Amino acid sequence: MKAGIFYYSFSGNTKKVAEMTVPLLAARHYEVYINKIEPRYEASTFTAQCAWALCRYRTGLVNFYQPETLDLLIVGTPVWAFNPAPPVVRFLKQLKPSVARKALLIVTYGSGVGKERCVQVMEEWCRKKSIPVREVLYIQEKLLRHPEKLTPLVTAALEKAHAA
Ligand SMILES: Cc1cc2nc3c(=O)[nH]c(=O)nc-3n(C[C@H](O)[C@H](O)[C@H](O)COP(=O)(O)O)c2cc1C
């Protein structure tokens with residue numbers, strides 16, 4: 001079985017969660033590869049990042065390639081102004097339809113305001129690409145300081161996505 005993990009992370013939270021999934025998937029005999037989604041342009045201040053996310057300002061991706069057919073696609077994003085980070089939207093837009101049998105979404109966030117809307121946007125793109133979303137892993141950033149709580153959540157989400 002093949003799993004591809006694609007994530008964008010500005011300050012490292014989503015990266016950390018995405019990277020945690022690699023050994024857990026490998027232990028379930030997945031062939032795993034992980035890629036950071038790299039935009040050509042990256043806003044660097046909070047205000048510019050919010051504007052970028054809200055306006056869905058387009059950006060090209062430096063390293064986009066079409067994944068081979070996957071058994072499990074994992075897409076990770078921070079919530080930015082109630083939206084996925086723009087490079088993640090761009091990634092989903094560029095995906096070939098039916099490129100994965102199913103998807104697991106990873107969303108990291110601060111307060112939690114807008115996290116459902118962020119997921120709706122991602123689910124909509126997955127629906128357009130005929131990729132069923134089987135599980136959503138919501139991780140509040142403060143949980144990253146508590147691996148004893150984080151690891152069971154990530155493990156349970158992978159288990160559900162695997163079984164679905
Ligand atoms: C520009 C910007 C906008 C954000 N907007 C939200 C938001 O709408 N809701 C929320 O709960 N957290 C929000 N956050 C917090 C991030 O989602 C959170 O810190 C996330 O874990 C960062 O992930 P990263 O370290 O992978 O970049 C925002 C952070 C930034 C920088």
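Which pattern does the chain follow when read along the sequence? The answer is β-α-β-α-β-β-α-β-α-β-α.

View 1. Welcome to a predicted model, in which local features need pLDDT of at least 70, side-chain atom pairs count only at pLDDT 80 or more, and totals for chains, interfaces and linings use all residues. Residues are numbered from 1 along each chain as its sequence is written. Helices (H or I, at least four residues) and strands (E, at least two) are DSSP runs, numbered from the N terminus. The C-alpha trace spans about 40 × 35 × 25 Å along its principal axes.

**View 2. The shell of 24 residues around the ligand.** Here a residue counts as near if its C-beta atom, placed from the backbone, lies within 6 Å of the molecule. Ser9, Asn13, Thr14, Gln49 and Pro78 come nearest. Two or more residues each are given to this shell by α1 (13-27), α2 (46-54), β3 (72-80) and β5 (103-109).

**View 3. The largest nonpolar core, with 44 residues.** Such a core is a set of buried Ala, Val, Leu, Ile, Met, Phe, Trp, Tyr and Cys residues joined through C-beta atoms within 7 Å; buried means 20 or more other C-beta atoms within 10 Å of a residue's own, with C-beta atoms placed from the backbone. Leu72, Val75, Leu92, Ala103, Leu104, Leu105 and Ile106 touch the most other members.

**View 4. Leu104 and the residues it touches.** Leaving out residues up to four places away in sequence, Leu104 touches Leu72, Ile74, Arg134, Glu135, Leu137, Ala157 and Ala161. Contact means C-beta atoms, placed from the backbone, within 7 Å.

Methods:
Buried ≥ 20, exposed ≤ 12 C-beta atoms within 10 Å, placed from the backbone. Contact = placed C-beta atoms within 7 Å.
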